[in-house]
Amino acid sequence: MLKESKTYQSQTLMGGLSGFASPIGLDRRDRLNALRSGDIGFVHSWDINTSVDGPGTRMTVFMSGCPLRCQYCQNPDTWKMRDGQPVYLQAMIDKVERYKDLFQATGGGITFSGGESMMQPAFVSRVFRAAQEMGVHTCLDTSGFLNRNYTDDMIRDIDLCLLDVKSGNEETYKKVTGGVLQPTIDFGKRLSRLGSKIWVRFVLVPELTDSVENVEGVARICEQFGDAVEHIDVLGFHQLGRPKWHELRIPYPLEHAKGPSKQLRERVREQFESHGFTVY
Ligand code: SF4
């Protein structure tokens, strides 16, 4: 997911995949079975940060694998699940337990991000269940594209969802991500019905997602989620992800794109505010 990177770097500790024993030696079939059951998850990296991926001090785990191909993706190195490192479920739960006091003291918790963590529903939801039992706040950073992988019971263990509403209409959504918009809308409604809170994230890219009509579409979608929406984060596009696309030799569609001007950000903020939303 796209972060406001300067802020992110200054608020992030640790990183990589330090501190996890990896299940080396499992053959392909055993790995697939363990993935299905959630006994292991494929993880790109994790870190401890403050006020970036939800409230308080949080452990954010970036899962591997994503079905979308967003033009502005900052983490194309997370797209393939097989590029992640398998981590035991219990090792992840132990890590949450280790930081439990810190999370509770700061109003923080655990966030799963990616990639798309909904590609690994069993692992993520089992960690969330364990976290809930410890009294640790849970947050899922997702597009909702794969929400059919989640049962209502799994959703009930999500305290907060950072929901990427990447566009307000199907045509732009397809252009931006290669996927379809409807699952995001469906997921927002399910979250709302089941009592989870939502922070909507919208990435503002000049000449791609910035039209008045598209932003109105996003606002109307958010209205369907009712009181579940606590605020909307408007994330300005930036080029800090570009080196990864080059490194991976993937043609980068936004090679020459620029971030939004102050005026554009202001216009979009006003549009959302006119629908009654708090905007950050
Ligand atoms: S949904 Fe996938 S492709 Fe899109 S920004 Fe997130 S990780 Fe990248």
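## Nonpolar core

The largest nonpolar core has 69 residues, and Val 96, Val 127, Cys 161, Ile 198, Val 200, Phe 202 and Cys 222 touch the most other members. Such a core is a set of buried Ala, Val, Leu, Ile, Met, Phe, Trp, Tyr and Cys residues joined through C-beta atoms within 7 Å. Buried means 20 or more other C-beta atoms within 10 Å of the residue's own, exposed means 12 or fewer, and partly exposed lies in between, with C-beta atoms placed from the backbone. Cys 222 touches Val 165, Val 200, Val 229, Ile 232 and Phe 277, leaving out residues up to four places away in sequence. Contact requires C-beta atoms, placed from the backbone, to lie within 7 Å.

## Model and overall fold

This is a predicted model: local features need pLDDT of at least 70, side-chain atom pairs count only at pLDDT 80 or more, and totals for chains, interfaces and linings use all residues. Numbering starts from 1 along each chain as its sequence is written.

The protein has 11 helices and nine strands. These are DSSP runs numbered from the N terminus: helices are H or I, at least four residues, and strands are E, at least two. Buried residues make up 45% of the 280 residues. The C-alpha trace spans about 50 × 40 × 35 Å along its principal axes. Among contacts between residues at least 6 apart in sequence, 77% join residues at least 24 apart.

## Helices α3 and α5

Helix α3 (residues 89-98) packs on helix α5 (residues 121-134) at about 35°, with axes 10 Å apart. Axes are lines fitted to C-alpha atoms, for helices over the stretch in contact; angles run from 0 to 180 degrees between N-to-C directions. Leu 89, Met 92, Ile 93, Val 96 and Glu 97 of α3 meet Phe 123, Arg 126, Val 127, Ala 130, Ala 131 and Met 134 of α5. The contact residues comprise nine nonpolar, no polar and two charged. Here Ala, Val, Leu, Ile, Met, Phe, Trp, Tyr, Cys and Pro count as nonpolar, Asp, Glu, Lys and Arg as charged, and the others, Gly among them, as polar.

Met 134 is partly exposed, with 14 other C-beta atoms within 10 Å. Beyond four places in sequence, Met 134 contacts Val 96, Glu 97 and Lys 100.

## Backbone features

A cis peptide bond joins Gly 114 and Gly 115, with omega about 15°. Gly 115 lies in the loop between β5 (109-113) and α5.

Glu 207 has a positive phi, near 65°. Glu 207 is exposed, with 9 other C-beta atoms within 10 Å.

How values were computed: Two residues are in contact if their C-beta atoms, placed from the backbone, lie within 7 Å.
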